[in-house]
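Hi there,

Here is the structure I promised to pass on. My notes follow below it.

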Amino acid sequence: MKMPKNYKFEGTEARLYKWWEENGWFKPEVNPDGEPYVISIPPPNVTGALHMGHAMFVSLEDLMIRRARMQGRAALWVPGTDHAGIATQLVVEKELRKLGKSREEIGRDSFLDFAWEWKDRYEGRIINQMRSMGGSADWSRTRFTLDEGLSEAVYIAFERLHRMGLIYREERMVNWSPGLQTAVSDLEVETEDEPALLYYFKYPLKDGGHLSVATTRPETILGDSAVAVNPNDERYKAYIGKTALVPMLNREIPVIADEYVDMEFGTGALKVTPAHDHNDFALGKKHDLPFINIMNKDATINENGGQYEGLSREDAREKLWADMQAADLTIETKPHTRPTPRSQRGGEIVEPMVSIQWWANMQPGAELALAAVRSGRIKIVPERFNKIWEHWLTGILPWCISRQLWWGHRIPVYYINGDESQYVVARSESEAYEKARAKYGKDVTLTQDPDVLDTWFSSALWPFSTLGWPDETPDLARYYPTTMMETGYDILFFWVARMAMQGLLMTNDIPFETVYLHGLVRDENGRKMSKSIGNVVDPVEVTAEYGTDALRFTLLTGGTPGNDLNLAIDKVESNRNFATKIWNTARFIVANIERVAGDKHQENSETDLTTADKWILTRMNETVADVNRLMDGFNFGEAGRQAYDFLKSEFADWYIEASKAQLNEGGARAYTTLTVLLTVLDTGLRLLHPYIPFVTEETWQQLMQAFKASGLGIAPKGGWPEALIIADWPNVGETFTDEAANFDRLRELIRGVRATRAENNVPPGKRIAATIVAGENAPFIESQRGVLVALARLDDAALTVVESATAPDNAATISLGDYTAYLPLAGMVDLEKERERLEKESADLSNQIARLTKLLNSPFAEKAPAAVVQKERDKQTLLEASLAEVTERLQTL
């Protein structure tokens, strides 16, 4: 019946986690008859390492799962990893280069073998790091987006969408990464304003003269198909329909009119490059202009660039501009800031480029997803993101689903005899031959499309493919649709919306009922964490120093739904101290078990509850109600803060202190007090377990062992389950409103006494006299004499409680309406020494005020910056307020 002096998270966390998992408590079958509560984990990159974004979602989702499990629900958290096409291929290619090889050199099959070996070697890292955060996922159901079952789901989804006419092959504008040599999604492009130049030049006209045009990318002049002006621009009306000549190439292009042209930007005349600009692409389609691609896959100039063929786009820019200067076609350059798209992975500037790719028509799925949110079938938290959902899905554009990579799901399209206009869609080569021979005859040769599908295509199937779809598995029948999709708001469109669309199209049902969005984890100054800035906080390092619970609690209580969180390490340290507070509270209780058990006069029976007992039980049940209300409303941060405040500020700081006097009475009073202490701490540990699972479980186990060994027969309501992780979630019990209100008034009185002691610098160990005038409440105050004496550090022999009295001389007065307390100053301090101290403080303050007054009346006030002068005035105001307070204290003395 003794607890270790300190809680040591080192070793404890791994031991408890192993014990939980070995007992099968992470599985939904723990509550076989419970209502399902299902979360599909946002699958991290298979070769990735844990960062704060992962730590955030693991903490949040584990909180949800642990609470649901304790509520008796069949809680299933489906874990897994994503093959992360571009990210993984980059890493693997980097490793090959270390070996002096390249993927082109070793070929596709050998490259994929190497990639799978790499995946098998590093997949465990991110999984183990998520486990170290306390994630209680059912790891026996771990999935990988390239495993056999999920790959089958991908090919069937592709086949179905193609059969619906929603997947097709077409030449369109894409984001082209020259370094990766593949199309990339908008998510993989980071656009920021960067300094650039705006180049003004003359666009020659065939019939003589020129138009003044401006561009930020002169090299794209080589791919121009037109010059556009606004039809309402009086400067250019006469030029509409004329022919211009592409500088240095002399290719003829038309001057066209379109209201899209901004008359105020640049010169008001716009060069149109349909093959290398997203906006120009639309103009090109509208006016049926030629699409002239001037770049190779590596962004060097191709044969359409004439004499500039073979140059990089940067060198072509310089050479073309120099040649135009020599030809007197340049006007000037001006500094300019332009949005610059860069590849998230490679860092190079992304090139808008027309390319033949596979596309998915998202409109039908978008309409279903919009209807699901509008009707409330899918709820988004916080609700303000409904507007973003509407904005993104209304008028949605086709999705480029093909990537020019080797690692990923290869597009299940097989071309007939090398003719890319004829093909079959099949899940395997054998199936493809069967289909092709049936349609085109026996003498066919098939070539599979070399591209792979965008990683987000397989991720969009995640909620149902991980449960066995397209097969009608028991898991799919019981656990789909899932309950919660928790993820960052930054991928609401790129992932969440696509899951909603694919789920509704493939399963004819929503994939999840609620979408909970968390924000980004930033540094303590609100900056985005970045290696270049050097402000990245590694969660593995933080948990190694402060423990997993401290980081979890900081992440879970430091923010609100949909908003970013600023992470401060001193807050993590503070939350580690909270774990120590919990442990020490339990040590106090356990230390008193033996004392109560050894009391010959205690009869293992309870007596009436004291006012302090009723107050803490009332506050406990009010906290349970508040926490449940907040968690049901997805306000997990505030729920955790309220549980924290209750256990730390009310239970530990108030009731524990009040209980000491009750325990000292022995007998039935001590027995009842011990029962209340256990009841409240047990409830608090249950409320906090989803937030800080390790310290709560270890503390609870220590309590259980000590109480069971005592023979006192004291146990939580419902007895002792084997572990806190599977204990029942607290329900609201009886409250004692009137008695709790009385005790709160008593706390106000105690706080008043404590404040007066502090103001008069009374040593903490010194007991002082007091007269408390309480009117008709005097009997109640008298009944709380023990609490008052203990918590306010009063002298029991010099404490008087009366209904009425005249205010004594030389006493500090604490007025609380129906209560008034008088504390004789002579009993608190040495009046003469206190007077001397205050007079010295008064003199010091007067001197400081005089010096500041002199300064502010000097030329300084006119010459110094206004902010500096105001700072000095504010300092003077504070000093004057302090002097007034000291003067008043002196008068009181």
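The lining of the largest cavity divides into 7 nonpolar, 6 polar and no charged residues (Ala, Val, Leu, Ile, Met, Phe, Trp, Tyr, Cys and Pro count as nonpolar, Asp, Glu, Lys and Arg as charged, and the others, Gly among them, as polar). Please bear in mind that this is a predicted model, where local features need pLDDT of at least 70 and side-chain atom pairs count only at pLDDT 80 or more, while totals for chains, interfaces and linings use all residues. Residues are numbered from 1 along each chain as its sequence is written, and side-chain values use heavy atoms, with hydrogens and water left out.

A cavity here is a set of points on a 1 Å grid over the protein atoms alone where a 1.4 Å probe fits but cannot get out, and lining residues have an atom within 4 Å of a point. The volume is the space filled by probe spheres set on the points, which are joined across faces, edges and corners. The largest cavity holds about 110 Å³ of space. Of its 13 lining residues, Met56, Tyr516, Leu555, Gly559 and Thr560 lie nearest the centre.

The second largest cavity has about 80 Å³. Its lining includes Leu161, Trp399 and Phe457, and divides into 8 nonpolar, 3 polar and no charged residues. Helix α15 (residues 492-507) gives the largest share of that lining, 3 residues; helices are DSSP runs (H or I, at least four residues), and strands are E runs of at least two, numbered from the N terminus.

Best wishes

Technical notes:
1 Å grid on protein atoms, 1.4 Å probe; cavity = no way out; pocket = protein on both sides within 12 Å on 5 of 7 lines; lining within 4 Å.
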